Amino acid sequence: MRRTITIAAALLVVGAGCVTTGTFDKKAKEAADAAARADEASAKAAACETKAAGLQKELADAQERLAAATKAKEELQVRAASLAEQKGALEAKSAQYEKLAGQLESQIKAGQIEISELRGKMTVKLKDKILFPSGSARLSREGGAALDAVAGVFKDMQGKSVVVSGYTDDVPVSGGAYKDNWELSSARAISVVRYLAAKGVPPQMLGAAGFSQFRPIVANDSPVNRSLNRRIEIALTAADYEPPVVDAPR
């Protein structure tokens, strides 16, 4: 009887040990599976974070491109407005040019006067022989007729400057009322300014300058070229126009 009880107890102990081992293995497997799932979830989370970071960078790049495109669009709009304004100004200047060219048509065809328009400045160039006798700053009748046409165009303009410049060749002045080409070129420019003012061009628009022989347009190496260098130039510009600085030949 005692032996039977001992054997039964032993069997119970062995049975109890088998149950504990199975449970442990089951729990270990569950833990391993949970760890695997956790690793998988961590990997997915890391992948999501990487993707989110990539999307964030793409968004930042897109926003930067949008800002650049917006800025470019604004700059284009400003440029377009400026071009439209310039176009209007050019059309207005061209109307002035056409008006003056029409009134001076005969003198232009005769080669006595040239008109040019560049960078907002319209220039009327007159040969000295049409305006003045040799060595003189007294306007001739023919010169007065040409200046009448110029004054007729300029006198009603607003917000403009009219600068009259006198130029000579390199032949020294001999005798007469003027000591040198500085005085002669300046006196001729002043004569033209006074005539234009007398014909109704507002004096506050007018200015005069004498450049003597030091701004030739061609070399003073022949009678024809010297004749080209002896000239009066009347420049019409905006009131706030600043002429470029040009170094005088030495």
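**Buried pairs, pockets and loops**

Biologist: Starting with R231 and E233, are they buried or exposed?
Modeller: R231 is buried, and E233 is buried as well, where buried means under 20% relative accessible area, exposed means over 50% and partly exposed is what lies in between, using a 1.4 Å probe and protein chains only. This is a predicted model, in which local features need pLDDT of at least 70 and side-chain atom pairs count only at pLDDT 80 or more, while totals for chains, interfaces and linings use all residues. Residues are numbered from 1 along each chain as its sequence is written, and side-chain values use heavy atoms, with hydrogens and water left out.

Biologist: And how do the side chains of R231 and E233 meet?
Modeller: R231 and E233 meet in a salt bridge, with 2.9 Å from N to O; the term stands for a side-chain nitrogen of Lys or Arg within 4 Å of a carboxyl oxygen of Asp or Glu. Side chains of opposite charge can pair when their charged atoms come close.

Biologist: How many salt bridges are there in the whole structure?
Modeller: A search of the whole structure gives twelve salt bridges.

Biologist: What about K57, which residue does it form a salt bridge with?
Modeller: The partner of K57 is D61, and their closest N and O atoms are 3.2 Å apart. K57 and D61 are about one helical turn from each other because they sit four residues apart in helix α1, which covers residues 2–103. K57 counts as exposed at 53% relative accessibility, whereas D61, at 27%, counts as partly exposed.

Biologist: Where do K109 and E105 lie?
Modeller: K109 and E105 are in helix α2 (residues 105–109), again four residues apart or about one turn of the helix, and their side chains form a salt bridge of 3.0 Å from N to O. At 65% relative accessibility K109 is exposed, while E105 is partly exposed at 40%.

Biologist: Stepping back, how many helices and strands does the protein chain have?
Modeller: The protein chain has six helices and five strands, which are DSSP runs numbered from the N terminus, with H or I over at least four residues for helices and E over at least two for strands. Read from the N terminus, their order is α-α-β-β-α-α-β-α-β-α-β. Of its 250 residues, 25% count as buried.

Biologist: Changing topic, how much space lies in the second largest pocket?
Modeller: The second largest pocket holds about 260 Å³. A pocket is an open set of points on a 1 Å grid over the protein atoms alone, where a 1.4 Å probe fits and protein lies on both sides within 12 Å along at least five of seven lines, and lining residues have an atom within 4 Å of a point. Grid points are joined across faces, edges and corners, and the volume is the space filled by probe spheres set on the points.

Biologist: Which residues are the closest to the centre of the second largest pocket?
Modeller: Out of 17 lining residues, S134, G135, D169, L184 and R230 are the closest to its centre. Helix α5 (residues 181–198) gives the most to the lining of the second largest pocket, with three residues.

Biologist: Where is Y178 found?
Modeller: Y178 sits in the loop between β3 (160–167) and α5, and at 22% relative accessibility Y178 is partly exposed. Leaving out residues up to four places away in sequence, Y178 touches G135, A137, V173, E183, L184 and A187, a contact being heavy atoms within 4.5 Å.

Biologist: N229 next, is it buried or exposed?
Modeller: N229 is buried, with a relative accessible area of 0%, and belongs to helix α6. Beyond its neighbours within four places in sequence, the contacts of N229 include Y167, D169, P216 and I217.

Biologist: And where is the place of I217?
Modeller: I217 is in the loop between β4 (206–210) and α6 (223–229), and counts as partly exposed at 41% relative accessibility.

Biologist: What is the phi of S212?
Modeller: Phi of S212 is near 55°, which is a positive value in a residue other than glycine. S212 is placed in the loop between β4 and α6 and counts as buried, at 2% relative accessibility.
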